[in-house]
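Dear colleague,

Please find below the structure that I would like to hand over to you. My notes on its helices follow directly after it.

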Amino acid sequence: MRKNERKVWTVNSMQEIQEWFTSYTRSFQNGDNPLEPLLELKLRHSFRVAGEACSLAREMGMDAESVDVAETLGLLHDVGRFPQYREFRTFYDAASVDHGELGWETVKRSGILEPLEEAAKLAILDGIRFHNKKEVPSGVRTSSLAMVKLVRDADKLDVFELVQDYLDRGAIRELLPRIPVTWEVSGELLDTLGETGRASYSQVRSVPDFLLVQLSWVFDLNFQPSFRRILERRVIERIENRLPRIPQVKRLAGKARDFARAYAEAGEGTLDGE
Ligand SMILES: [Fe+2]
């Protein structure tokens with residue numbers, strides 16, 4: 001398909017999908033009351049990730065249909081958060097349910113993607129299912145891979161901003177209620193990050209620990225425009241400024257910065273997400 005040529009079905013289906021998303025999320029309101037604050041947060045996050053996914057897809061030169069698929073996937077990626085929160089009162093997957101799987105199940109059952117072409121439908125479903133896995137599973141079908149990677153990037157880009165916003169407003173406890181109120185960095189976490197560049201939430205014992213894990217997300221981004229945004233928005237520096245000025249932190253931030261620069265500058269097809 002030529003660039004910028006939109007298919008009629010895409011436009012119609014997208015509108016229907018958006019309407020479904022609005023009414024589905026609205027069903028979590030209690031009567032006329034507004035959504036609970038943490039669900040309202042997820043709702044806004046979903047719209048922002050849709051916008052980010054759309055803008056990344058455009059910058060990557062995807063055709064119009066793929067841009068629509070990216071936007072739709074961004075909107076739907078966190079659908080599972082709604083039933084998860086209603087049932088378990090937490091967003092912590094390890095203590096409740098895998099919200100990627102739950103969202104995948106929910107959207108599949110709704111039938112809302114049925115009018116889409118098979119590959120687009122599967123890419124959206126796979127994107128929802130795999131957006132929150134620690135790594136992109138090796139068995140993801142090839143036709144879905146770019147969308148899975150793209151929504152993972154768009155999601156992380158928004159969560160960077162969201163966490164900084166909560167920190168700026170002194171409201172981080174609202175966002176991370178399970179994390180103990182301490183500002184110490186865990187040595188064990190720093191060691192793991194230093195050795196492998198990765199860490200898991202199970203090692204997080206404080207807000208700075210959480211920020212360190214976020215810093216390590218930079219190594220998991222996939223596409224050139226995502227790295228450009230990291231640099232433009234000074235994501236690494238803003239995180240670093242909130243962490244203790246110790247050599248291990250400096251080293252990790254420096255490594256993340258070098259990594260982001262290399263990928264942001266690399267030409268198309270050289271370092272792009274493989
Ligand atoms: Fe999510």
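In this predicted model, Leu189, Leu190 and Leu193 of α9 meet Asp209, Leu212 and Ser216 of α10; two residues are in contact if their C-beta atoms, placed from the backbone, lie within 7 Å. Helices here are DSSP runs (H or I, at least four residues), numbered from the N terminus. By class, this contact has 4 nonpolar, 1 polar and 1 charged residues, where Ala, Val, Leu, Ile, Met, Phe, Trp, Tyr, Cys and Pro count as nonpolar, Asp, Glu, Lys and Arg as charged, and the others, Gly among them, as polar. The axes of α9 and α10 are 10 Å apart, at an angle of about 10°; they are lines fitted to C-alpha atoms over the stretch in contact, and angles run from 0 to 180 degrees between N-to-C directions. The two helices α9 and α10 are therefore roughly parallel (angles under 35 degrees; over 145 is roughly antiparallel, 65 to 115 roughly perpendicular and the rest oblique).

Residues are numbered from 1 along each chain as its sequence is written. Local features need pLDDT of at least 70 and side-chain atom pairs count only at pLDDT 80 or more, while totals for chains, interfaces and linings use all residues.

Helix α10 (residues 207-217) is largely enclosed by the rest of the structure, because 8 of its 11 residues are buried (20 or more other C-beta atoms within 10 Å of a residue's own; exposed is 12 or fewer, and partly exposed in between, with C-beta atoms placed from the backbone). The buried residues include Leu211, Leu215 and Trp217. Among the elements that cover them are α7 (142-168), α9 (187-196) and α13 (247-265).

Helix α6 (residues 118-130) packs against α7 at an angle of about 40°, with the axes 8 Å apart, which makes α6 oblique to α7. On the α6 side, the contact is made by Ala119, Leu122, Ala123, Asp126, Gly127 and Phe130, and on the α7 side by Ser143, Ser144, Met147, Val148 and Val151. This contact has 7 nonpolar, 3 polar and 1 charged residues.

Buried residues of α2 include Lys42, Glu52 and Cys54, and their cover includes α3 (64-76), α4 (81-88), α7 and α11 (224-232). Just after α2, Gly61 takes a positive phi of about 80°.

Finally, Arg228 lies in helix α11. Because Arg228 has 17 C-beta neighbours inside 10 Å, it counts as partly exposed. Its C-alpha atom is separated by 7.6 Å from that of Ala260, 32 residues apart along the chain.

Yours sincerely
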